[in-house]
Amino acid sequence: MGGRHISGAEQIVSQEMVAQTTNAMLERAFSHTRGQADFINIVVEKIDKNQIQEVPLLSVHTVPGDDVVASHHAAQEVLVRAGVTLLAAQSGMTALLSLIDSMGGAMLLCAVCGKRLDGTGSRGVRVSRMDIDDKQGLGALLTDRGINNTHVREALVLASKVAAAPGMVAELCWSDDPEYTTGYVASSAGYVRIPHCKPVGSLLGGRVFFVKPDAELDTIITYLSQQPVLVRPMICEGV
Ligand code: WAQ
Ligand code: MG
């Protein structure tokens, strides 16, 4: 198989919207900034309504940051505020900065000692089966703040699902798309956007999930990769 993972996207829609949604995702796959795909996988799965768990949309904040160094400091500070030790925050930052190729999924690190906990190697753990309850509401809310783009919409939904995982402490992320340099740190306390997490043009990005040392890995990974979740928009505070 081989090949490099370019991008992925998820939606939960009613049956009559499946054809239209699939088509839109196909279009999007053809025009990705990370390059032309050699193959595109489309999976359509039936989900029972009563299987779906609802989680709150995280509040959105933005911290200032003029350059990559200042932004990495800011990211570490926000991680520590969210309950990650400085040691683990530094270890997560190093894990992302030492990537030589992007992973499809995320690394799970202990929020206390910073060690990698999942055994998924360069694949990572992929968060799947999530969407937002009210797409228009989210769009309007983000437009108000001047940040309504696909990256923010999708990252906010993913981060809201992740933050609600059992034993989750925080997430650190920046994109692998070369033109998108704003990253974030998220936890149940909120989604904090951090500009300039990497230089423009870099194809290296990733995700680190910091989990409690006594968390049950299997439970977390099953929730992240399998539990259908609808994020429910609530009024966002912050700047
Ligand atoms: N599950 C786990 N990890 C993922 C997933 C997923 N579903 N999708 C992507 N990743 C990992 C993977 O390692 C990618 O290389 C990395 O994250 C980056 O993915 O508010 O666009 O989709 O302005 O490129 C942040 C928005 C956008 C900040 C992040 O990430 C803002 C983004 P990308
Ligand atoms: Mg990407």
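C197 is buried, with a relative accessible area of 1%, where buried denotes under 20% relative accessible area, exposed over 50% and partly exposed the range in between, as computed with a 1.4 Å probe on protein chains only. The structure is a predicted model, in which local features need pLDDT of at least 70 and side-chain atom pairs count only at pLDDT 80 or more, whereas totals for chains, interfaces and linings use all residues. Residues are numbered from 1 along each chain as its sequence is written, chains are lettered from A and ligands numbered from 1 in the order in which they are written, and side-chain values use heavy atoms, with hydrogens and water left out.

A search of the whole structure for disulfides, taken as pairs of cysteine sulfur atoms within 2.5 Å, returned zero. C110 is accordingly in no disulfide, and the nearest cysteine sulfur, that of C113, is 3.7 Å away; C110 is itself buried, at a relative accessible area of 5%. For C197, which is likewise in no disulfide, the nearest cysteine sulfur belongs to C173 and is 8.4 Å away.

The magnesium ion (ligand 2) has D176 (OD) and D177 (OD) as its protein donors, at 2.1 to 2.2 Å. Donors are here N, O and S atoms within 2.8 Å of the metal (3.2 Å for Na, K and Ca), and because water is not among the atoms, sites may look incomplete. Both of these residues, D176 and D177, are buried.

Secondary structure was assigned from DSSP runs, helices being H or I of at least four residues and strands E of at least two, numbered from the N terminus. In helix α6 (residues 217-226), the buried residues are I220, Y223 and L224. They cover an arc of only 95° around the axis, and therefore lie on the same side of α6, the arc being that of the directions from the helix axis to the C-beta atoms. An α-helix has 3.6 residues a turn, so residues three or four places apart point the same way. With contact set at heavy atoms within 4.5 Å, the buried residues of α6 pack against β1 (53-56), β3 (107-110), α5 (150-163), β5 (168-174), β8 (206-211) and β9 (229-232). K161 lies over the face of Y223, at 5.2 Å from the ring centre, under a criterion that places NZ of Lys or CZ of Arg within 6 Å of the ring centre and within 35 degrees of the ring normal.

Helix α4 (residues 135-144) has L138, G139, L141 and L142 as buried residues. Their arc around the axis is only 165°, which puts them on the same side of α4, while the face turned away from this buried side carries the exposed residues Q136 and D144. The elements covering the buried residues of α4 include β4 and α5, and just after α4, G146 takes a positive phi of about 75°.

In helix α3 (residues 86-97) lies G92, a residue that is buried with a relative accessible area of 0%. Leaving aside residues up to four places away in sequence, G92 touches L109, L172, V208 and F210.

Most residues other than glycine have a negative phi. R129, although not a glycine, has a positive phi of about 65°; R129 lies in the loop between β3 and β4 (130-132) and is partly exposed, at 22% relative accessible area. H196, also not a glycine, has a positive phi of about 60°, sits in the loop between β7 (190-194) and β8, and counts as partly exposed at 33% relative accessibility.
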